[in-house]
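Colleague: I would like to go through this model step by step. Please give the terms before the answers.

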Amino acid sequence: MLSFASQMHRMLSKYGLVSKQLWEIMQISNILLCNVTDRVSFWFVVTDSSENVTTVPGSEVEAAIRMNRNRINSAFLLSDKTLQFLKITPTLSPPVEPSTPVWLIVFGVVLCLILAGIVFLVVAGIRQRKKKNKESTERENLEEKCEVTITVENGIPCEALDLKAGHINGVFAADNERFTSL
Amino acid sequence: MSKDLSVPPEIPKEDSRPKWDNKFQYILSCIGFAVGLGNLWRFPYLCQIHGGGVGSWMVSVLVSLYYNTVLTWVMWYFINSFQEPLPWSACPLNENRTGFNEECYRSTAVNYFWYRKTLNITPNVTESGTLQWWLILCLAACWAIVYLCTIRGIETTGKAIYVTAIFPYLVLTIFLIHGLTLPGATDGLAYLFTPNLNTLKNPRVWLDAATQIFFSLSLAFGGLIAFSSYNSPKNDCEKDAVTVAIVNSMTSLYASIPVFSVLGFKATTGYWDCLDRNIISIINEFDLPEESIMRENYTAWISFLNSSHPEKIAGLKLKSCDLQEFLDQSVSGTGLVFIIFTQAIILMPGSRAWAILFFIMLFCLGLSSMFGNIEGVFTPLLELRIISKTIRKELLSGIICLICFIIALCFTLGSGSYWIDIFDSYAGTVPLLVIAFFEVIGVAYVYKIKRFSKDVKWMTGRKPNLYWQITWRFISPLLLLIVFLAFVALQIQKPSSYAAWNPKYEGFPMKEEKVYPPWVLAICVLLAVLPCVFVPLVALFNLIKQMCRSKDTSFIQPEVFSCQEANCNFCHPKESIPIVSVCKKK
């Protein structure tokens, strides 16, 4: 309890929150505690003279406490939740807000990805269509030139394939070397 | 591809119909379409509480409009999940910074973030409010994603579905494992699986179960038909149908487990908070030392103090804390996801990561269902050649997405969520029942089961067995009729009302029960009736056309099934295979 009184005295006098003429006379004994309970709760009054007769008006003490709430809290290593002044509701600090809301940034990233995807698909589609058109016009030109009927197998004109000789596929031909002979 | 040269392979024509890359893509798409948000938020709710062509095209359009708005909300929450601490975890301060914002303080921070910061909801459906610019941005992003994935029809959705259909199962498993480790999870699961035999006697239970399974499978949208039409004609559709139905039901059950673990955890935390608040007031009142009363000996202390100082205890006005009561606070739909689950996520350690995972999963679930809806809109337009063939697929899907985006802007108004409830209750329910009923009747009695069985035999190689015959002929139409009539009867019984969020209401934070004004009721009826009315209209139209044709006797009638659906692929089974000879000879 003594430490509380000394803290209150220091705060009220040192930080110039009580009217100037009382400042000099203020002593630790001017802070009176009463109704102390087991649960560490009590009432206190601040008197304004050495005779301990008149008390400093409650509103001034309230104003002083309100302004220095965090100093009192840190002095006792308590917080607004664990140290409660009845009738003095703490002024809450607003939550930290960045200059641009976070969600806008995330939204921008997502939108850029989507637009990139759309552009890629559309351009790929256009290119594919151009290639197909070019191929079909080429084949038409080729067919127009040849008088003889051209038979087509799997899109390749039959004449291009030497059906008797066949093609040697390099991948499989190499197998002969990979496997050890019996 | 190695092919037996004796069988002539098909050379695809220019711009031919696309095909699925493999069977797995098709199954995943159907599952993704069937498994949607409803599996997550409607089925577990029901467990807790109790234990149709132009028609279906219209339904697909209406559903696409509002379904994507729900995805907009999911996206909004997703991009807000990157903030630390989560924005719905604390109330904002009021003007003079002495306390919290009043609306937020009287309800909860989570409620405030949903109703004020997200929806900016108006007190009733007649007040439209203004367009919410943040929702418009998210709506644009959602439609852009849908466009990206459906840009070339199933060629692109087929690739996207690998992610959107499989990822939710992964996240559900992660939530399952984490949820089971949370305190109070077992209470939640016990609550889920304990049957309440009294409630089974309530017919409402069975009606809810029937409607849930029907809507859950996403039937009668035309989307499943659209997906299936991209299969080769000789496809085992019997196996596919059974697979999709079983996977859908299993998913609902599988999803309930993490949902209920989390709900149990939330109820337990709420119960502990209630106890703690009571304990603090008792300790302050009786000046007892700290930690003299704990949660375990709370009831003993209460009974002791009640006998020794009853007036003091009565004066404290302690709230009675009952775990059952917390578990009973059941909500379904948007409430479950955006209010209850978000609240539970704040309580978990590492809440940012959980929030991000959860909302990505929801987004994937909704997106795969959107694919089905869009296909249900897209494919008939292409098939019926209403749109000329010169328009490219990319352009058509772009136009559809743009038009839907502009119409869906009305859901971003202040009263938007009330309208979404209206669309969900009226456009997404009754028309589907009617269309499905006519589909079944049409196939079973107009097209005749014998012909249908022959078609199925041609496709799958075996005749459908007795189970299918009985269900197609009798059980399905009967059940659909019963569900439809019960649905309509229940709707007529009570006047249509809705729950409005009104901060000025005396009972706030309880919602205010309001009745729909007549013009809104007219719109509800229109939404329900318009898709249904096309079924008899088109049938009538086809009948008249046939009668006109039969007068001209020289015209040879092909075996035409009077198509009541826009995308009926059983119309000309024999004409659907293009057989082109291998060697093109001039």
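Modeller: Buried means under 20% relative accessible area, exposed over 50%, and partly exposed in between, with a 1.4 Å probe and protein chains only. This is a predicted model, in which local features need pLDDT of at least 70, side-chain atom pairs count only at pLDDT 80 or more, and totals for chains, interfaces and linings use all residues. Residues are numbered from 1 along each chain as its sequence is written, chains are lettered from A and ligands numbered from 1 in the order in which they are written, and side-chain values use heavy atoms, with hydrogens and water left out.

Colleague: Are B:Cys274 and B:Cys321 buried or exposed?

Modeller: The two cysteines form a disulfide (a pair of cysteine sulfur atoms within 2.5 Å), with 1.9 Å between the sulfur atoms of B:Cys274 and B:Cys321. B:Cys274 belongs to helix α13 (residues 237-286) of chain B and B:Cys321 to the loop between α15 (310-316) and α16 (323-328), so the pair ties together parts 47 residues apart in sequence. Helices here are DSSP runs of H or I with at least four residues, strands are runs of E with at least two, and both are numbered from the N terminus. As for cover, B:Cys274 and B:Cys321 are both buried.

Colleague: Why is the disulfide of B:Cys274 and B:Cys321 called left-handed?

Modeller: A disulfide is a covalent bond between the sulfur atoms of two cysteines. For B:Cys274 and B:Cys321, the handedness follows from the torsion about the S-S bond, which is about -85°.

Colleague: How many disulfides are there over all chains, and which residue does B:Cys91 pair with?

Modeller: A search of the whole structure gives 2 disulfides. One of them has an S to S distance of 1.8 Å and links B:Cys91 with B:Cys104. B:Cys91 sits in the loop between α4 (54-80) and α5 (102-106) of chain B, while its partner is in helix α5, 13 residues apart. The count is 2, and the partner of B:Cys91 is B:Cys104.

Colleague: Why do B:Cys91 and B:Cys104 count as buried?

Modeller: The limit for buried is under 20% relative accessible area. B:Cys91 counts as buried because its relative accessibility is 16%. B:Cys104 is buried because its relative accessible area is 1%.

Colleague: Is A:Arg66 buried or partly exposed?

Modeller: A:Arg66 is part of helix α3 (residues 58-67) of chain A. Its C-alpha atom is 9.5 Å from that of A:Phe85, 19 residues apart along the chain. With a relative accessible area of 39%, A:Arg66 is partly exposed.

Colleague: What share of chain B is buried?

Modeller: Chain B has 24 helices and 2 strands. Of its 586 residues, the buried ones make up 49%.
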